[in-house]
Amino acid sequence: MENNASNGASALAVLLTVLSLVFGFLAALRRWRNTADPVLPPGLRGLPLVGYLIPFLRQHLHREFAKLAEIYGPIYKLWLGNKLWVVISSPSLAKEISRDQDVVFANRDATIAASAVTFGGKDIAFADYGPYWRKMRKIFVREMMSSSSLDACYSLRKEEVKKCINNLHSNAGSPVDLGQLSLFLLINSIMAMLWGHTGEGDKRESLNLEFQQTVAEMMVLLGKANISDIFPALARFDAQGVERKAKSCHRRIDSFLDSIIDRAIEGAAIEKQAGHGERKKDILQLFLDLDIDGDEDNRTSTTKNREIKAILTDILVGGTDTTSTMVEWVMSELLQHKAVSEKVMEELTEVVGMNNMVEEHDLPKLTYLDAVIKETFRLHPPLPLLVPRCPSQSATIGGYKIPKGSKVFINIWAIQRDPQLWENPLQFKPERYLENPGFDFSGNNFIFLPFGSGRRICAGVPLAERMLKYVLAALLHSFDWELPEGTELEFSDKFGIVVKKVKPLVAIPRPKLSKPELYQ
Ligand code: HEM
């Protein structure tokens with residue numbers, strides 16, 4: 001009996017020991033899990049809705065984000081409706097996103113306006129990361145942005161720049177809105193490169209003008225803060241009419257591109273019949289000749305045209321407003337900094353001479369102008385938050401959890417003005433790039449990322465670099481620029497798809513080349 005009782009007591013003791021060990025182990029595991037499981041980044045919680053919306057609508061998003069980083073640190077979160085936004089403001093975290101975990105963060109989160117104008121995400125900028133995006137990006141970079149393709153359409157760019165310089169010369173002494181002038185110059189040059197030969201003909205000028213205006217309208221819509229993006233439940237009301245207007249722009253662009261493609265196909269067929277030899281191709285003709293899919297027989301021409309139209313739209317959207325905005329910022333900084341401006345002029349005189357117009361082959365020798373452009377990119381990046389990324393699965397960044405589907409912004413505006421990374425960051429000092437040549441647009445130096453980084457880095461860098469430098473060199477070498485009497489320079493900016501000057505830069509050109517014939 002006694003034996004039985006003592007056996008029962010020891011069995012109970014063993015059971016209790018085992019149970020306490022199991023519970024202890026489980027509790028330890030839970031504690032370990034709690035510390036090992038990353039949490040969401042710090043940030044705003046439960047603020048009244050308006051608290052979130054005010055910075056969003058105030059159109060100073062990059063500045064508001066930089067202020068919040070001072071409170072919450074280099075990675076923080078914001079809830080907008082049920083959407084999680086994560087803002088990154090340090091080079092090491094930018095590297096984690098766009099280099100170390102590039103594939104996970106290689107998706108975009110297209111806004112309603114962007115979806116409406118990108119042919120259902122058939123473009124490069126908003127296509128999901130995957131085989132389609134890889135194929136289109138490869139074609140774009142290899143066929144269009146290669147040095148030989150860009151050299152081949154130089155004459156088309158040059159003609160537009162010459163026309164612009166000639167017009168300015170005819171109206172010399174009158175004030176010019178430099179942002180507008182360069183936007184139309186960029187749209188014209190890019191249209192010339194895209195379908196320069198196809199677009200020839202009587203109706204070209206009027207069609208181009210109409211198209212120019214539609215593209216400019218589309219830029220405004222793409223940059224507009226849209227409540228429907230924050231609260232998808234409200235999207236069907238399209239309260240601000242952004243979706244309706246974007247679709248209307250898209251229809252006009254679509255039908256314009258259709259007619260251009262039809263004319264290109266007809267033109268090529270006529271030339272072939274007439275037995276004309278190969279003539280120089282514009283980008284559209286290059287594209288039409290390409291076997292985009294490697295499966296040409298099984299695809300309709302409608303699908304192929306849709307893909308071509310999506311890419312043409314990308315080039316127009318990505319390449320015009322960004323570059324023309326930079327022309328305006330560089331010109332503003334030069335008007336503000338006379339000593340810098342004089343050095344640029346000296347370099348142009350030495351490299352190009354007063355008896356010549358600038359040519360693209362002069363550009364590599366203009367190293368000081370190059371530094372001026374970089375310094376302007378640092379202080380006024382046209383896309384201060386890049387194009388937001390969206391993780392395709394949950395990830396850990398800086399020890400914090402970033403859930404799948406969040407919208408991730410890299411605030412390069414804040415990084416490029418951070419006093420811990422840059423000496424006297426608010427000073428305009430091009431010499432920093434001469435002293436330290438380790439800065440370029442490749443996205444490898446994470447304190448300087450005007451074109452982004454990683455696999456979704458800007459696909460148009462080679463063209464952007466050439467066009468920006470060429471247009472600036474031509475404007476600066478052909479004219480002296482001065483502000484109209486009584487006006488002052490102003491540097492405040494406003495957020496949009498591209499961050500622009502609030503007050504447009506207006507300046508007066510005074511011809512300075514040795515002979516008037518040079519302007520013809
Ligand atoms: C000053 C001029 C320009 C600036 C500052 C600029 C900047 C940018 C930035 C920051 C991105 C996003 C990069 C990222 O997510 O890391 C981007 C993407 C892109 N840009 Fe540009 N860009 C410029 C000119 C151009 C030009 C001239 C073109 C076309 C010819 C172009 C085409 C594109 C395309 C297609 C993408 C999407 C790339 C992708 O998602 O794979 N850009 N650009």
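In the predicted model, a polar side-chain atom of R389 lies 2.8 Å from an oxygen atom of the ligand, a polar contact being a pair of N or O atoms within 3.5 Å. A side-chain N or O atom of R108 is likewise placed 2.8 Å from a ligand oxygen atom, while a backbone N or O atom of G318 is found 3.4 Å from a nitrogen atom of the ligand. The elements contributing two or more residues to the shell around the ligand are α6 (131–144), α14 (301–336) and α19, with α14 giving the largest share, six residues; helices are DSSP runs of H or I with at least four residues, numbered from the N terminus.

The ligand is surrounded by 30 residues, the closest being R108, R137, R389, R456 and C458, where a residue is included if one of its heavy atoms lies within 4 Å.

C458 is partly exposed, at a relative accessible area of 32%, a class lying between buried (under 20%) and exposed (over 50%), computed with a 1.4 Å probe on protein chains only. Leaving aside residues up to four places away in sequence, C458 touches R137 and F451, with contact defined as heavy atoms within 4.5 Å.

Residues are numbered from 1 along each chain as its sequence is written, and side-chain values use heavy atoms, without hydrogens and water. Because the model is predicted, local features need pLDDT of at least 70 and side-chain atom pairs count only at pLDDT 80 or more, whereas totals for chains, interfaces and linings use all residues.

How values were computed
Polar contact = N/O pair within 3.5 Å; in protein donor to acceptor, adjacent residues only side chain to side chain.
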